[in-house]
Amino acid sequence: MKNMGQKRWLFLLAIFAVLLAFTSGRGVLKLKSDDGQHVYNHTLTLTLVEYASAVYVSDLTELFNWTCERCNGLTKGFEVIEIIFDVEHCLQAYVGVAKDLNAIIIAFRGTQEHSIQNWVSDLFWKQLDLNYPDMPDAMVHHGFYSAYHNTTLRPAVLGAVQRAKISYGANINIIVTGHSMGGAMAAFCGLDLVVNEGEENVQVMTFGQPRVGNAAFASYYSLLVPNTFRITHEHDMVPHLPPFYHIFPQKTYHHFPTEVWVRDLGFSSLVLASVEKVCDNTGEDPTCSRSVVGNSISDHLKYFGIDLRCETWRQCTIVMSHEMDRFSRKDSKGNLVMSRTLPSTTVNETEALLENVFVWLKMEQKSWVFLLAIFACLLFFSRGRVLKWKTDDDSPVYNHTLALTLVEYTSAVYMSDLTELFTWTCERCNGLTKGFQVIEIIVDIEHCLQGYVGVAKDLNAIVIAFRGTQEHSIQNWVSDLFWKQLDLNYPDMPDAMVHHGFYSAYHNTTVRPAVLDAVKRAKKFYGENIKIMVTGHSMGGAMAAFCGLDLVVNEGYENVQVMTFGQPRIGNAAFASYYSLLVPNTFRITHDRDIVPHLPPFFYLFPQKTYHHFPTEVWVRDLSVLKIVRFGIEKVCDNTGEDPTCCRSVMGSSISDHLTYFGVEMMCETWRQCSIVMGREVESYSRRDSKGNIFLSRTDPSPEELVDESVKQECLLENERLGNSEVEEEEGSLILCGRCSLLFELQSDECVILSACFG
């Protein structure tokens, strides 16, 4: 018994060590590129792996109609425009439009040879033997290059893309994906679209892709197609091939970035969860897949639990019914292309649905009654558009990296030192929010409320953040929250009821006019098309929701997104319905057993008389080892707002879960009565009203002014740390900051930059 206990401890410690090693290092820091534009999106990955799996389907009738077994789940509603089947080289691809992603999807199939083992063995010996056109020193293997460029695939793919852009608009995104050999073709296709076709909005995501060129090619590629992610899985053999010889870096194959290494957590063959590590920008991160031996074919054939292969490994074969003859054509070599003539944007949706139903009826005559019943239900629900929880194009998609960014903005609003918050030099004003420019801070002393407005250039967005409760005891606040009643009709929304306390905290205090004025100033300076993101935690989440709704309904803004953390319920089901229609791009993050999202209570026996959450909830559950290392598993819940399988499936009993989200603290240093700290340096930006409420404002800020001010404050703080604070107070004196290398002169209580010497 004792030996069993010791073995169990050793086993758990081993798991802990592995997880700690996996999560340490630079993985977290590489979630964003320097400009913040290209970030890894876990939800998009789960969608694209299904598209990459579907291209292996050999029944072209099912694939063309998108009725195959793999043509469901996250890819439901996809419209195929073109299928290309190159018999001569045993290649297959398709092009179509995913309206929910507002994107053209191009997917390439991996190898379909009789034996993948033989293909892998051959892959080991492939040599760099082709100069990539117009890229000095860039070498690739001609087989990979030719599979895309010198077959029927390229002209058919480019033609389908042009037809899709004519029908769906020139600004539609293009996403290229593929697995294995299909990943190599996807990479060449993405590069071709950018370099030779002049396309701009191109993203490439591949699964289990082999190396395709040398370091020079990888360098060119990463500059031209920066929005590229290569997903690798555990010990998958193919990403290790052709081999990388580190002693001959200029003469060997070299991956381009960015790799995302997926490791499975589980026991034996039981996979409990997958952990993804975003690797560095070299393409050959030694702490990712290169840190293990690439010896598994099974890891190559399954990603995120999805099979990436045909039903059987066999010689190149397809199946196609006679109904598809009118869509297909063959060339002299027997290569097959199936094309759909794209409908105009005014085509009747019901007619298109009827056409698909009749095709299905011919394929499965025995199921006609069942299919007609489905059609009748779809037709019925398509008539009542007002009742739909989601927008027609299904555009809002949960972004994990954005959540990690906004949780930092939400944490920063709890800072009581307004000097550090205004200059964005606080301890929490770093990480993914670095470079943020604060435009307005509002402190409502009377009601103990705090918020700020600023601009995040990496997100191209105005960020509005509201603080949660700052009462002396959060326990008392939670207890009071339990008994809050629906007692206010929301203006101009019949039957919509909210609690006046939540409503008034935003609408009837100094917060609303100050926030709206700051937003107008920001849009005037940064452009009308800049996005608006509203966030908050706890009570601040409730205020964020009312603010987002106010911006849409009363101010007429369009690009508004709301993301809250640990938000309580704020209204009834009618209000939730209105809200979800008007602000569909909303995500409520809930954490494990956080008590606040359960309050005020939801009484399912009286659905019309009780509080009701609006969608979409994202429930984050913690997986822990010895209660030390934690990993958040996120579940995007259904569109009802009260998914019984999400946080409502557990007892909301934890205040500690309420005060930490994604490992970030959502509270002040201490729970105390409303208090702030403000240094003399920011007094010139502040004003107070008759009730003592404080506002710190920048009027028409320019990027240069904001950056200089931030750097200046950093230098002044550095001088103070070095004991030079007395020099700052002598008017006319010169101040030299050693770390910042900035020279200041104090003139009339204001530091003026005289010179800068960076380096």
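Start by selecting C68 and C71: they form a disulfide with sulfur atoms 1.8 Å apart. A disulfide here is a pair of cysteine sulfur atoms within 2.5 Å. The torsion about this S-S bond, between C68 and C71, is about 80 degrees, so the disulfide is right-handed. C68 is buried at 4% relative accessibility, and C71 is buried at 4% too. Buried means under 20% relative accessible area, exposed over 50%, partly exposed in between (1.4 Å probe, protein chains only).

This is a predicted model: local features need pLDDT of at least 70, side-chain atom pairs count only at pLDDT 80 or more, and totals for chains, interfaces and linings use all residues. Residues are numbered from 1 along each chain as its sequence is written, and side-chain values use heavy atoms, without hydrogens or water.

How many disulfides does a search of the whole structure find? Four.

Next, select C279 and C288. Their sulfurs sit 2.0 Å apart in a disulfide. Its torsion is about -115 degrees, so this one is left-handed. C279 is buried at 2% and C288 at 0%.

Move to C637 and C646, joined by a disulfide with S to S 2.0 Å. The torsion is about -115 degrees, so this bond is left-handed. C637 is buried at 8%; C646 is buried at 0%.

Now click C647. C647 is buried at 4%.

Finish on helix α7, residues 181-195. Of its 15 residues, 14 are buried.

Methods. Helices (H or I, at least four residues) and strands (E, at least two) are DSSP runs, numbered from the N terminus. The expected span of a helix is 1.5 Å times one less than its number of residues.
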